[in-house]
Amino acid sequence: MKRAGAEALNFTAKPAKEFWAALIFGKDRTAVKDAADQLAGKWLGAPEDAFNTARLADSDLKSDPVRLSDELQAQSLFGGERLVRVRLDAETAGVTVTALLADMESGTLSPGGRLLVEAGDLTPKSGLRSKFEGAKKAIALQIYGLEEGGIGLMLDSALAELGAAIDEDARAAFISATAKEQAVVRSEVEKLGLFGRNLGRPIAIDDLTALGITEREGDFGEAADLALTGALKESLVAYERAAGAGG
């Protein structure tokens, strides 16, 4: 099965119980990792540690192909769910994963835990991707990066999970503001979601300003940023705009 964009993020927030394995992939590896971390937390229902999670990389699969199966069928030392996380930097290392997936789908092997695979951008011709998409109890989740509209998708998913809402003007302003600071997008989304929970109305632009997500009219922050980068003409325009707004 396959989910992409908002549907993929919705799955990581509320995963269906019948799926034991997931492939999460996309151009933006940070966005992929964020989605994988969220799904791992939902599956385990507890913080990850050495007792309930095993982490493997390409080199592990190549040096010891049997290890993936062994880790997946091992039991958590303290009971509860067990998770095997695999990070693939080269799709060629995914051969071990697809072979295991085929055995699980055919009933040759029974998983003792859940499998979570992270990968980069995979084309529709990818063998790894097609195997997950065609599986009955495994799912392929395509995550869009921030530059592909991922900020809005991340925001919509987080607010929906918390039962919060945002009006269109505020949504557009949030995306515009956070696009300049991609490193803080996740924390800003979480902050806005917590603010909007039980608010009783959609989040508005004034709320973004109060939370410090967007600048107040009259602030000289943009002018200062432009000046520091040497864009003096643009800085002067921003300065005059802020001064004209009462700064």
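Visitor: Is Glu161 buried, exposed or partly exposed?

Guide: Happy to start there, and please keep in mind that this is a predicted model. Buried means under 20% relative accessible area and exposed means over 50%. Glu161 has a relative accessibility of 30%, so the class for Glu161 is partly exposed.

Visitor: Which residue forms a salt bridge with Glu161, and what parts does the pair tie together?

Guide: In the Glu161 salt bridge, the closest N and O atoms are 3.0 Å apart, and the partner is Lys42. Lys42, at 40% relative accessibility, counts as partly exposed. Glu161 lies in helix H7 and Lys42 in helix H2, so the pair ties together parts that are 119 residues apart in sequence.

Visitor: Around the second largest pocket, which element gives the most residues to the lining?

Guide: That pocket has a volume of about 280 Å³. Of its 13 lining residues, the closest to the centre are Gln38, Ala158, Glu161, Arg186 and Glu190. Two or more lining residues come from each of helix H2 (29–44), helix H7 (150–162) and helix H9 (185–196). With 5 residues, the element that gives the most is H7.

Visitor: What is the N to O distance in the salt bridge of Lys191 and Glu188, and where do the two residues lie?

Guide: Both residues lie in helix H9, 3 residues apart, about one turn of the helix. Lys191 is partly exposed, with a relative accessible area of 31%, whereas Glu188 is buried at 14%. Their side chains meet with an N to O distance of 3.1 Å.

Visitor: How many salt bridges does the structure hold, and which residues do shared partners join into one network?

Guide: Side chains of opposite charge can pair when their charged atoms come close. The structure holds 16 salt bridges. Those that share partners join one network, made up of Lys33, Asp37, Glu48, Arg55, Arg85 and Glu118.

Visitor: How do Phe11 and Phe19 pair: stacked, tilted or edge-to-face?

Guide: Phe11 and Phe19 are both buried. Their ring centres are 5.7 Å apart, with 75° between the planes. Planes over 60 degrees apart fall in one class, so the pair is edge-to-face.

Visitor: Which element gives the most to the largest nonpolar core?

Guide: This core has 25 residues, and those with the most contacts inside it are Leu23, Leu68, Val86, Val97, Leu115, Val117 and Phe132. At least two core residues come from each of strand E2 (21–25), H4, strand E4 (83–87), helix H5 (95–106), strand E5 (114–119), helix H6 (127–134) and strand E6 (138–142). With 4 residues, the element that gives the most is H5.

Definitions and conventions. Residues numbered from 1 in each chain as written. Predicted model: local features only at pLDDT ≥ 70, side-chain atom pairs only at ≥ 80, totals over all residues. Heavy atoms only, no water. 1 Å grid on protein atoms, 1.4 Å probe; cavity = no way out; pocket = protein on both sides within 12 Å on 5 of 7 lines; lining within 4 Å. Points joined across faces, edges and corners; volume = space filled by probe spheres on them. Phe/Tyr/Trp six-rings, centres within 6.5 Å; stacked < 30°, edge-to-face > 60°. Buried < 20%, exposed > 50% of the residue type's maximum accessible area, 1.4 Å probe, protein only. Salt bridge = Lys/Arg side-chain N within 4 Å of Asp/Glu carboxyl O. Core = buried A, V, L, I, M, F, W, Y, C linked by side-chain atoms within 4.5 Å.
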